[in-house]
Amino acid sequence: MSAVIEVRDLTKSYKDAVALDGISFDIEQNAIYGLLGRNGAGKTTAMSILTAQNLPSSGQVKVFGENPYENPKVLSRMCFVRESQKYPDDATARHAFAAARLFFPNWDQGLADELIDDFQLPLKRTIKKLSRGQLSAVGVIIGLASRAEITFFDEPYLGLDAVARQTFYDRLLADYAEHPRTILLSSHLIDEVSNLIERVLLIDAGRIIMDQSAEDARAMATNVVGDAAAIDRAVGGREVIHRESLGRVASVTFLGHLDNAERSVLAAEGLELAPVSLQQLIVRLTQQRSAGAPHVAPAAPEGSLR
Amino acid sequence: MIEDGKPLFVQIAEQVEDLIVDGTVAEEARAPSTNELATFYRINPATAAKGINMLVSKGVLYKRRGVGMFVAPGARELLLKERRNDFALRYVQPLLAEARRIGLGPEDVADLVRAGEATAVPATAAPIDQPDRRTP
């Protein structure tokens, strides 16, 4: 695999706030990335800079090995679906698709027509008068039908109901399987996207705190429920990221992996082990950090937590 | 169907193994492709590919260039052997542990198993939790 995006020491600061605090990461070709994190973590800022719609304060961004800023060679290979894309007042969805068709060399009109049908999108109404969900559908259709080599979806589902979101996920997967490309998807609905994404980039307060495969992320933490004293013996020196108790019973989430021998010891002590979903893990990690806890220590051998 | 603590790709591999064990996909027949599995289970194709590759290295599937993945001869026998080996650990041990907890001895359990077998639906009944979209 080769990196289509390389980011080094990227910082973006505004007058009174630091949006991105010296982040570095690579985006590999033909994979679906989940760009996750809380509101204000820096997700949209990062996407805007990668697509040259915003400028970094310092640091380096390379897309297809080049600086993307005012670089038509690079920009025509990327599609950025913004959460709140602005259109001219009198523009209809039909106008938006016609413009997209001119701009994106791989535009697939057949796919666009199918998606318009799927989302039952009115083409003749001005975009200004569309509902929030219909506005999101316009963005989703452009993002999918453009078949750009790198596509950014910034919370593309706002106002879409559960059925329409499922349509989006299904269409995204099916089209990605047929036409592999690089996709960055930012989302709050982590449970909904956790099986779709191959890698997780977790941003918190302008820093990358997780950059690893979704598979590894799902196996990073374990939850154990049972007698509090027995749990403390079992967990040992592992890093606890969450603890709740009810009388003598505790529920503890910790980082690290248990081997089979350790698992049977726990089972013999009557402790119940449960997997920790990606959503739970991310809630715990970002909650813990915003509560002022120290940096999470590297859990995986290669130090995939930063 | 998906989601019980095991890695996703392992669960995908097990789903495909189920199809082979219950005879839905015969030996030398085409196995579901990575993309079919990805769209059916709504997972990333790379995850599905990892599950398929696991079955290839296990000798359950083999690749015919340009055509797809096929069930290897002897795959069903291999899987049956593996599952019979795992049976005691996966099913009998937890059963006995719960029996001990509620004061049932091995003989009581054996009686219950026999009684259960007498009223059980025939083993040939189609399992209801199988995906209904199979290899086309």
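This is a predicted model: local features need pLDDT of at least 70, side-chain atom pairs count only at pLDDT 80 or more; totals for chains, interfaces and linings use all residues.
In chain A, 3 strands come together as an open sheet with antiparallel pairing. Elsewhere, 15 residues of chain A are in contact with 13 residues of chain B.

**The sheet**
- Reading across the open sheet of chain A, the strand order is 2-1-4.
- Strand 2 (17-28) and strand 4 (58-63) of chain A are the edge strands, so to speak the ones that each pair on one side only.
- From one strand to the next, the twist averages 15 degrees.

- If you'd like a spot to look at, find Leu10(A): it stands opposite Ile23(A), which is in strand 2 of chain A.

**The helix across the sheet**
- Helix 1 of chain A, made of residues 43-50, lies across strand 1, strand 2 and strand 4 of chain A.
- Helix 1 of chain A runs at about 120 degrees to strand 1 of chain A.

**Where chain A meets chain B**
- On the side of chain A that touches chain B, helix 6 (162-178) and strand 13 (272-275) of chain A each supply at least two residues.
- Helix 6 of chain A gives the most to that side, with 5 residues.
- Sorted by class, the side of chain A that touches chain B has 11 nonpolar residues, 1 polar and 3 charged.

Methods
Residues are numbered from 1 along each chain as its sequence is written. Chains are lettered from A and ligands numbered from 1 in the order in which they are written. Two strands pair if DSSP finds at least two bridges between them. Helices (H or I, at least four residues) and strands (E, at least two) are DSSP runs, numbered from the N terminus. Axes are lines fitted to C-alpha atoms, for helices over the stretch in contact, and angles run from 0 to 180 degrees between N-to-C directions. Two residues are in contact if their C-beta atoms, placed from the backbone, lie within 7 Å. Ala, Val, Leu, Ile, Met, Phe, Trp, Tyr, Cys and Pro count as nonpolar, Asp, Glu, Lys and Arg as charged, and the others, Gly among them, as polar.
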